[in-house]
Amino acid sequence: MSAGRARTERESRRRGQSIANAPAHENGTLHAHFIVTIHRMTEINTLYTDPRLVALYDTLNPFAADTEFYLTLAASLQAGYIVDIGCGTGLLTCELARRGHTVTGIDPARAMLDVARRRPGGERVRWIEGDAQQASDTQADLALMTGHVAQVFVDDRDWQAALAAAHRALRPGGRLAFESRHPQSAPWETWTPEASLRRISVDGNGTVNIWQELIDVSGERVRFVTHYQFETTGDELISASELRFRPPSTLAQTLTNAGFSIEHWYGDWSGAPVDEQSRELIVVAVRD
């Protein structure tokens, strides 16, 4: 997730990365061989502005089933022009451009866009440093908000403003597609140091230990921190995040208020319908 884009790492489908199982625990305590002395700790309030976190981003968020879903959607709609709101390091954005779509990628984090511009196909994309409000009246065929970016808009006013910006960017009949974690899956229940601990190896950064720590749950809002512990240097970065877990009824009402009609609900990346086991709420809506 980029600055203002509080992504927790995708829970599954990780390809092209080295992840070791978390070490065994006894009485809730990590084995001593896994304890790392921390020389200094830096607290940051935004994700992926630190170059070390930007370097981790693609390892934690590789090409996966969600990427393929949006590529297939764009092709099936024959979307000539696409706006990717919250594009991050541009993995999806550049692949869309490589496949012949005209694409604008928008993200508030300059460090993320620097990576995006260097990707194959990056020269074909129009990059904008900014938030959703930078999505101007472009008559786009498709607007995307991927990587659970929809959950970053915790305040109703901000979420409605983002939807209004997407509405302005689209032509009449254009589509908006995004996903939000289904609150019934309660993923925050596993956001504990013991349950979420992962070790990954990243070129230039060595081994990094990553875990989430839940702060509190208040209605639909969930606050947590993510720890990034670099074994090579002993540094630990802490990123604070807050996400909104809107139920389907709330998402539907906000879309109606913004001038959209829901065309499809999906419960997973295979296109299955939403049911009591669904972990995702994947929405395709039509601009009225």
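R52 lies over the face of F230, at 5.5 Å from the ring centre; a charge counts as sitting over a ring if NZ of Lys or CZ of Arg is within 6 Å of the ring centre and within 35 degrees of the ring normal. This is a predicted model, in which local features need pLDDT of at least 70 and side-chain atom pairs count only at pLDDT 80 or more, while totals for chains, interfaces and linings use all residues. Residues are numbered from 1 along each chain as its sequence is written, and side-chain values use heavy atoms, with hydrogens and water left out.

The structure holds 9 aromatic pairs, where rings of Phe, Tyr and Trp (its six-membered ring) pair if their centres lie within 6.5 Å, with planes under 30 degrees apart counted as stacked, over 60 as edge-to-face and the rest as tilted. In one of these, the ring centres of F69 and Y266 are 5.7 Å apart and the planes stand at 75 degrees, so the pair is edge-to-face. This pair links distant parts of the chain, since F69 belongs to helix α2 (residues 65-76) and Y266 to strand β14, 197 residues apart. Helices (H or I, at least four residues) and strands (E, at least two) are DSSP runs, numbered from the N terminus. Both F69 and Y266 are buried, a word used for under 20% relative accessible area, with exposed meaning over 50% and partly exposed in between (1.4 Å probe, protein chains only). The rings of Y70 and W269 also make an edge-to-face pair, because their centres are 5.6 Å apart and their planes are at 65 degrees. Y70 lies in helix α2 and W269 in the loop between β14 and β15, so parts that are 199 residues apart in sequence are tied together. Y70 and W269 are both buried, and F69, Y70, Y266 and W269 form one aromatic cluster.

Helix α5 (residues 156-169) has 14 residues and reaches 20 Å from its first C-alpha to its last, close to the 20 Å expected at 1.5 Å a residue; the expected span is 1.5 Å times one less than the number of residues. Buried residues of α5 are W159, A162, L163, A165, A166, H167 and A169. These pack against β5 (81-85), β8 (140-145), β9 (170-181), α7 (248-257), β14 (260-266) and β15 (280-287), with contact meaning heavy atoms within 4.5 Å.

Strand β5 is also the place of D84, a residue buried at a relative accessible area of 0%. Its side chain makes a polar contact with the side chain of T93 (2.7 Å). Such a contact is a pair of N or O atoms within 3.5 Å; within protein, one must be able to donate a hydrogen and the other to accept it, and residues adjacent in sequence count only if both atoms are side-chain atoms. Leaving aside residues up to four places away in sequence, D84 touches L92, T93, T104, G105, I106, L144 and T146.

What of the cysteines? With a disulfide taken as a pair of cysteine sulfur atoms within 2.5 Å, the count comes to 0. C87 is in no disulfide, and the nearest cysteine sulfur, that of C94, is 8.3 Å away, too far for a bond. C87 is buried at 6% relative accessible area, and C94 is buried at 2%.

Finally, the backbone deserves a look. Most residues other than glycine have a negative phi. Q139, in the loop between β7 (126-129) and β8, has a positive phi of about 60 degrees although it is not a glycine, and is partly exposed at 43% relative accessibility. H148 has a positive phi of about 60 degrees too; this residue lies in the loop between β8 and α5 and counts as buried at 6% relative accessibility.
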